[in-house]
Amino acid sequence: MARTGRRLNRDEFQARRAAGERAAEEGHSLRALVDAHLAVARAAWPRSASATADSALAALAQAVDALAGGCERAQHLAVRQEEAARREFIDDLLYGGSDLGRLAERAERFGLRLSHAHAVAVAEGSVACAEADPVARRVQQALVGRFGDRQLLLTTKEGRLICIAPGDPAEVPACFAREAHTATGGGRVAVGRTHGGAGGIVQSYEEALNALEPAERMGLGDAVLYAADLLVYPVLTRDRQAMADLVLSTLGPLREARGGAGPLLETLAVHFDAGCIAAEAARRLSLSVRALTYRLARLHQLTGADPADPVHRYTLHTAVIGARLLDWPAREL
């Protein structure tokens with residue numbers, strides 16, 4: 001080709017590309033392949049005066065370009081296959097949809113040892129997050145920079161950022177929570193309890209999700225939520241129908257008040273949040289203590305339950321929590 005100036009034809013070009021794909025699949029580096037081609041080019045370099053260096057270099061450049069293209073295609077395919085395998089593994093890990101023995105084998109490949117106890121932390125921001133996003137990369141770099149790989153797995157699911165890490169020490173989930181809160185621009189993070197085995201990861205993940213779900217409705221202001229501190233909410237909503245019956249039977253009469261149930265329900269919720277201290281509750285509601293006392297008296301009149309009575313107070317407080325969790329009265333029960 002150097003003597004004639006001819007370029008590679010289609011078949012020759014495809015043959016070089018196929019050779020690049022095979023070399024990448026066999027684990028050869030692109031640098032080694034280029035070095036080998038340059039060595040062959042030097043050995044075959046034309047010595048006659050009629051052959052030009054331009055012709056030889058053009059043929060070499062075309063061959064290397066085809067080879068590199070084949071390598072890149074094989075590498076991209078390998079990356080896509082790896083991503084698909086990783087995504088399938090994460091789905092099986094978080095939802096418990098695979099044979100445990102097989103799952104443990106696959107976990108080793110992705111840096112997890114399922115024989116250890118793990119905790120799952122979930123971060124949720126105002127914008128959905130994907131693994132290729134700067135948010136995920138920033139958190140990944142912070143964790144790896146501090147702890148190394150330490151058998152932790154960072155991924156995304158349904159727009160949330162998820163960290164699966166050994167639960168002992170607890171500093172890894174705690175560090176993830178801080179970094180994710182910052183990276184998501186003030187997003188909320190929930191940390192499940194530490195459990196052993198593959199089933200424990202599923203349980204910890206569900207606990208983290210269950211901690212995130214009521215946070216907005218309950219008005220929880222904490223940036224980091226720990227499932228161990230919020231176990232009462234899943235308990236209260238486990239029997240949804242029973243909770244709905246409690247809310248309607250206890251607080252349903254508030255709908256007869258002027259303006260509906262909303263204002264009196266808010267008054268009662270703030271009253272409990274303030275520790276039943278009238279002055280503090282009135283301050284939070286921007287009311288006078290007298291106006292607050294009037295509202296509580298009206299609430300007692302409508303429901304028959306007195307917030308000052310310890311027995312009634314417990315029933316009312318539970319019903320208020322249930323109303324928040326069930327989004328009543330905005331949503332009919």
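**Close-up views of salt bridges and their surroundings**

View 1. The side chains of Arg283 and Glu280 form a salt bridge, at 2.6 Å from N to O. A salt bridge here is a side-chain nitrogen of Lys or Arg within 4 Å of a carboxyl oxygen of Asp or Glu. Side chains of opposite charge can pair when their charged atoms come close. Both residues sit in helix α11 (residues 278–285), three residues apart, so about one helical turn separates them. Helices (H or I, at least four residues) and strands (E, at least two) are DSSP runs, numbered from the N terminus. Arg283 is exposed, with a relative accessible area of 55%. Glu280 is partly exposed at 24%. Buried means under 20% relative accessible area, exposed means over 50%, and partly exposed lies in between (1.4 Å probe, protein chains only).

This is a predicted model: local features need pLDDT of at least 70, side-chain atom pairs count only at pLDDT 80 or more, and totals for chains, interfaces and linings use all residues. Residues are numbered from 1 along each chain as its sequence is written, and side-chain values use heavy atoms, with hydrogens and water left out.

**View 2. Glu124 meets Arg160 across two strands.** Their side chains form a salt bridge of 3.0 Å, N to O. This pair links distant parts of the chain. Glu124 belongs to strand β1 (residues 117–124) and Arg160 to strand β3 (residues 160–166), 36 residues apart. Glu124 is partly exposed, with a relative accessible area of 33%.

**View 3. Glu158 also pairs with Arg160.** The salt bridge between these side chains spans 3.5 Å, N to O. Glu158 is exposed, at 61% relative accessible area. Shared partners join Glu124, Glu158 and Arg160 into one salt-bridge network.

**View 4. Ser115 lies in a loop.** That loop runs between α4 (100–109) and β1. Ser115 is exposed, with a relative accessible area of 68%. The C-alpha atoms of Ser115 and Ala104 are 8.3 Å apart. Along the chain, these two residues are 11 residues apart.

View 5. The chain has 13 helices and six strands. The structure holds nine salt bridges. Of the 333 residues, 41% count as buried. Among contacts (heavy atoms within 4.5 Å) between residues at least 6 apart in sequence, 68% join residues at least 24 apart.
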